[in-house]
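Here's a quick briefing to read with the model open beside you. Take it topic by topic and click along as you go.

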Amino acid sequence: MFPVFPAPQSSLLRTLQSRLCRRYTAIGASFVLACLPLTAQQPGNFDDQVHMNEIQVIGSHNSYHAGLTPGMTKLLESKSPKVVEGLDYQHADLATQFSGGIRQIELDIFADSKGGLYAHPKGPQWVANAGLPADPDPYPDGRMMKPGFKVMHVQDIDYVSTCQPLIACLQTVRTWSQAHPEHLPLFILIETKQGTPKSSLPFTTPEQFTSATFDALDQEIRSVFSADEMITPDQVRGSFATLNEAIRKQGWPTLAQARGKVVFLMDQRPVGPVYLDGHPSLRGRVIFTNAVPGQPDAAFTEENDGSPEEIAALVREGYLVRTRSDSDTKEARINDTVPRRHALASGAQIISTDYPPSEPAKWTGYKVSFPDGLMARCNPVLPTSTCISSELETK
């Protein structure tokens, strides 16, 4: 017998109810939990009625990015000043970003199955060969020698990250999540790096991602997050034949089901077929692919260059969409707010930026934020009578 919890009137009681409901759900998954439905008349008591795709959050682009080293900055300025301009941004550590309101992060990963492939970047030697002061080793503790996925932007030249390796980044996310159990779902965008910059310089050649590489990636993620700490493709698909059918007919989990959890998303579309190999419609996988709308695995899609109208149409069809409000520091340098305005109005659930509220651009103060300092808001394209932006999440 499961208890009936009355609708609480305070935020503290709402938090206690949510924790108790989850605990009983975990214990008796085969039973229907008897928590009373939450109503719009009680602010914040709408988690059972608002779905995770019916809100909008702000994310950070290349969230691990600590910036170029001083020596590499001078070297690149002498050769490719435009490249330096595009890379002239950096973020605080992941926990600080979450506490500042970010609910999506992006991690670029390189496979390193044997360990040591990126332990000694070539950049410092190139800097020294140019007669510039040497850059120090950012990871003298040997963490880059161990097998496992590494986090960085570009091998050999843009290799300093606020967390390293991937498993350490994920542990940071989990630690923050455990300390803030009622947070909105945290979206973790994964970009798999396999290329080499077009250059005469002998860059380190990355490992290619195969189905086995992705098996190892899923295993690494699962070594940090348990099944009940994630929203996975299998959970969203449920009894439907495909993910695409599920999100169109049933929709995404509610906030009551998604709070305190993480959701993994794939950045590049071309790697989707490799990740899907042997896992039709992402069965048994952890990460949602960046899929072509209409395909069996299509639940999440990126529209970084889509028009507000195109994005809004996908949002109304049930897709979870990520778009960008700025890129390569261009908008931030001249305070061009048009792309930001379009992104926010599009209804894309995830707005990615290099300049979240707590990290405005040093040139113009450009940043991406919601009105009234909100950490999230109800989706402008999917309005519901039950969602109240000011009650979604508070610091």
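Predicted model: local features only at pLDDT ≥ 70, side-chain atom pairs only at ≥ 80, totals over all residues.

The protein chain has 395 residues, and 52% of them count as buried. Its secondary structure comes to 14 helices and nine strands.

**The second largest pocket**

- This pocket has a volume of about 240 Å³.
- Its lining is made up of 16 residues, and Asn304, Asp305, Thr323, Arg324 and Pro339 are the ones nearest the centre.
- Three elements each supply at least two lining residues: helix H12 (308-316), strand E7 (320-324) and helix H14 (338-346).
- Which of the elements gives the most to this lining? That's H14, with four residues.

**Disulfides**

- The chain has two disulfides. As a reminder, a disulfide is a covalent bond between the sulfur atoms of two cysteines.
- One of them joins Cys163 and Cys169, with 2.0 Å between the sulfur atoms. This link is right-handed, at 100 degrees about the S-S bond.
- Are Cys163 and Cys169 buried or exposed? Cys163 has a relative accessible area of 8%, so it falls under the 20% cut-off and counts as buried. Cys169 is buried too, because its relative accessible area is 0%.
- Another disulfide pairs Cys378 with Cys387, and here the sulfur atoms sit 2.1 Å apart. The link of Cys378 and Cys387 is left-handed, with -90 degrees about the S-S bond.
- Cys378 and Cys387 are both buried.

**Backbone spots worth a look**

- For context, most residues other than glycine have a negative phi, and most peptide bonds are trans.
- Gln164 and Pro165 are joined by a cis peptide bond, with omega at about -5 degrees. Pro165 belongs to the loop between strand E3 (150-151) and helix H6 (166-179).
- Ser281 isn't a glycine, yet its phi is positive, near 55 degrees. You'll find Ser281 in the loop between helix H11 (272-276) and strand E6 (300-302).
- Ser281 counts as buried because its relative accessibility is 8%.
- Leu282 also has a positive phi, near 65 degrees, and it's another residue other than glycine. Leu282 is in the loop between H11 and E6.
- With a relative accessibility of 0%, Leu282 counts as buried.

**Loop residues and their contacts across the sequence**

- Where is Asp88? Look in the loop between helix H3 (81-86) and helix H4 (94-99).
- Asp88 is partly exposed because its relative accessible area, 23%, lies between the 20% and 50% cut-offs.
- Which residues does Asp88 contact, leaving aside neighbours within four places in sequence? The partners are Thr329, Arg333, Tyr355, Lys362 and Trp363.
- Asp88 and Ala361 are 273 residues apart in sequence, and their C-alpha atoms are 10.0 Å apart in space.
- At 35% relative accessibility, Glu317 counts as partly exposed.
- Not counting residues up to four places away in sequence, Glu317 touches Ile247 and Arg248.
- From Glu317 to Lys249 it's 68 residues along the chain, with 9.6 Å between their C-alpha atoms.

**Whole-chain numbers**

- How much of the contact total comes from residues 24 or more positions apart? Among contacts in the protein chain with a separation of 6 or more, these account for 73%.
- The accessible surface of the protein chain comes to about 17000 Å². Carbon and sulfur atoms hold 55% of that surface.

Notes. Residues numbered from 1 in each chain as written. Heavy atoms only, no water. Disulfide = S-S within 2.5 Å. Buried < 20%, exposed > 50% of the residue type's maximum accessible area, 1.4 Å probe, protein only. 1 Å grid on protein atoms, 1.4 Å probe; cavity = no way out; pocket = protein on both sides within 12 Å on 5 of 7 lines; lining within 4 Å. Points joined across faces, edges and corners; volume = space filled by probe spheres on them. Contact = heavy atoms within 4.5 Å. Areas by Shrake-Rupley, 256 points an atom, 1.4 Å probe, with all protein chains shown as cover.
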